[in-house]
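Please keep the sequence and the model at hand while reading.

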Amino acid sequence: IKIICDRIIITMKTKKIIILLGDIIILYLSLAITLTIRYREFDFNIFQNHFIPFSVIYLFWIITFYIHNLYELDIAKNNIKFSIALVRAIIIGGIISIVFFYLVPGFIIDSITPKTNLFLNIVIFVVLFYGWRYLFNLIAGSLKPGAGVAIIGYNPQAIELAKELIKNPQLGYKLKLIVKNNELIDKTDLPEIKITQGFKNLREILQQEKISIAIVTPEVYKSPDLIQNLFECIKYKIDFINLPEFYENITQKVPLTAINEVWFLNNISQEQKQSYETFKRIFDFIFGFLILIISLPFWPIIALIIKLESRGNVFYTQTRIGQSGKPFVMIKFRSMKNDAEKDGPKMTTEKDNRITKFGKFMRKSRLDEVPQLWNIIKGEMSFIGPRAERPEFHQELREHIPFYQERYLIKPGLSGWAQIKYGYGSSIDDNFEKVQYDLYYIKNRSFIFDVSIILKTINIILRGGGR
């Protein structure tokens, strides 16, 4: 099962690499077409003169596309969400290109005329880009392993996974069948999926539906007869994958209700991450110190606005839970009214009337978190990690959410995978979802993953999506 799951992970990553390589080809193809139209013939020397300067702006374009999630398979569809992200990325990429060609001394190259070429290049690229992504989605939706997928057994994760596969055909998985035992299923949630009752004649059913991948829920493994039935299907080239692993790979979160202590023993190894943690601490200290120094001139302006809008201190300190459950004092710019907690601590909610007008701006732009750079320099926090929770809420969440304490195996962060994928949690249910993303990050954390989260955080800040 582990080998099969690893193969699926590679497949998902390969699709992202194919999208990236396709975009790079489209970029240079659009440049070649642009120059051919502009000069009425393709001249290799002209292309060569444009190659280096346009390669520089293409690099920024690719980074901008990544920041806007255009390489995430759940958005890589030709729908309105994808179109909005693309338009925003093109606008930002165009601005960067103009700055590069016209405002940075020394980068103007006399042998090219970037103004007309750049505009024409953007138009041609957008047309080719849409065609390429549309073609990719058609091909990805028809390739294996999507030849036929069945879910054997039923639990909440099974239904959530089914909805995810239906919603994202570009992932390449075609769900055709759910086999349940005695559980109740609301067919209105999955009207287009065939649902069968009982595990009898399972082999014949899987063959009849031309299933190539069967996703098995943990409950199924408790039945020796069913296991024997599944074992006999192997010779029919059906791959069996346990649901928690498949669910994790598709949703990029760990299913809390489907794991136990053994999962942590098998998947969380601090020894293997020792070099990464050392490098991360060096990164946190250096960049935390640099950003702190660069931002200091703006602190008096922020402080003045805070004081003018409402009475109270400029800074707001709170006790938070840190690594290994150790409390620390976190510092922020005050974004709420001075008497915000006169009735006791409570979680921030959407449209919270305790937040000041300037506080809303600071939260959306993450300016209120700038003083936390001091916590990062001291080693109490990191740039990337789970959100540090207040002790008043920590105990309650720990009682209601399994393995909540394990999110403190690493340092809390300014931003994190849960904050990116889910946002702010103001209820137990919200925090239940966020812990699943936190555990996924703890298991898969790496330098590349951290850079990815930083870039996605930039996207949230640009969209004003903070809270």
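A residue is called buried when its relative accessible area is under 20%, exposed when that area is over 50%, and partly exposed in between. The model discussed here is a predicted one.

Q: What percentage of the residues in the protein chain is buried?
A: A residue counts as buried under 20% relative accessible area. The protein chain has 467 residues, and the buried share of them is 49%.

Q: How many helices and how many strands are there in the protein chain?
A: The secondary structure of the protein chain includes both kinds of element. The count is 17 helices and 9 strands.

Q: Of the contacts with a separation of 6 or more, what percentage joins residues 24 or more positions apart?
A: Contact here means heavy atoms within 4.5 Å. Among contacts in the protein chain with a separation of 6 or more, the share from residues 24 or more positions apart is 75%.

Q: What percentage of the accessible surface of the protein chain belongs to carbon and sulfur atoms?
A: The accessible surface of the protein chain comes to about 23800 Å². The part that belongs to carbon and sulfur atoms is 63%.

Q: Which helix holds Ile282, a residue of the nonpolar surface patch?
A: The patch has about 900 Å² of accessible area together, and its members include Ile282, Phe285 and Leu296. Ile282 has 47% relative accessibility, so it counts as partly exposed. The element that holds Ile282 is helix 10, residues 274–295.

Q: How many residues of each class form the contact of helix 10 with helix 17?
A: The axes of helix 10 and helix 17 cross at roughly 40° and come within 11 Å. On the side of helix 10 the residues are Tyr276, Phe279, Lys280 and Phe283, and they meet Phe447, Asp450 and Ile454 in helix 17. By class, the contact has 2 charged, no polar and 5 nonpolar residues.

Q: At what angle do helix 11 and helix 12 pack?
A: Helix 11 spans residues 299–309 and helix 12 spans residues 357–365, with axes 9 Å apart. Helix 11 contributes Ile302, Ile305, Ile306 and Glu309, while helix 12 contributes Lys357, Phe358, Gly359 and Met362. These residues divide into 5 nonpolar, 1 polar and 2 charged. The packing angle is about 145°.

Q: Why does the pair of Glu160 and Lys253 tie together parts of the chain, and how many residues apart are they?
A: Side chains of opposite charge can pair when their charged atoms come close. Glu160 and Lys253 form a salt bridge whose closest N and O atoms are 2.8 Å apart. Glu160 lies in helix 5 and Lys253 in the loop between helix 8 and helix 9, so the pair ties together parts whose separation in sequence is 93 residues.

Q: Which residue forms a salt bridge with Arg445?
A: Arg445 lies in the loop between helix 16 and helix 17, and its partner is in helix 10, 168 residues apart. Arg445 is buried because its relative accessible area is 2%. The closest N and O atoms of the pair are 2.9 Å apart, and the partner is Glu277.

Q: What is the C-alpha separation of Val329 and Thr317?
A: Val329 lies in strand 7. Beyond four places in sequence, Val329 touches Thr317, Gln318, Asn375 and Glu380. Val329 and Thr317 are 12 residues apart along the chain, and their C-alpha atoms are separated by 6.4 Å.

Q: How far apart in space are Ile442 and Pro386, C-alpha to C-alpha?
A: Ile442 lies in helix 16, and its 1% relative accessibility means that it counts as buried. Leaving aside neighbours within four places, Ile442 is in contact with Ile268, Glu406, Arg407 and Ile410. Ile442 and Pro386 are 56 residues apart in sequence, and their distance in space is 8.7 Å.

Key: Residues are numbered from 1 along each chain as its sequence is written. This is a predicted model: local features need pLDDT of at least 70, side-chain atom pairs count only at pLDDT 80 or more; totals for chains, interfaces and linings use all residues. Side-chain values use heavy atoms; hydrogens and water are left out. Axes are lines fitted to C-alpha atoms, for helices over the stretch in contact, and angles run from 0 to 180 degrees between N-to-C directions. Helices (H or I, at least four residues) and strands (E, at least two) are DSSP runs, numbered from the N terminus. Ala, Val, Leu, Ile, Met, Phe, Trp, Tyr, Cys and Pro count as nonpolar, Asp, Glu, Lys and Arg as charged, and the others, Gly among them, as polar. Patches are made of residues with over 30% relative accessible area and no salt bridge: like charges are joined within 9 Å, nonpolar side chains (Val, Leu, Ile, Met, Phe, Trp, Tyr) within 5 Å. Accessible areas come from the Shrake-Rupley method with a 1.4 Å probe; for residues, only the protein chains shown count as cover. A salt bridge is a side-chain nitrogen of Lys or Arg within 4 Å of a carboxyl oxygen of Asp or Glu. Buried means under 20% relative accessible area, exposed over 50%, partly exposed in between (1.4 Å probe, protein chains only).
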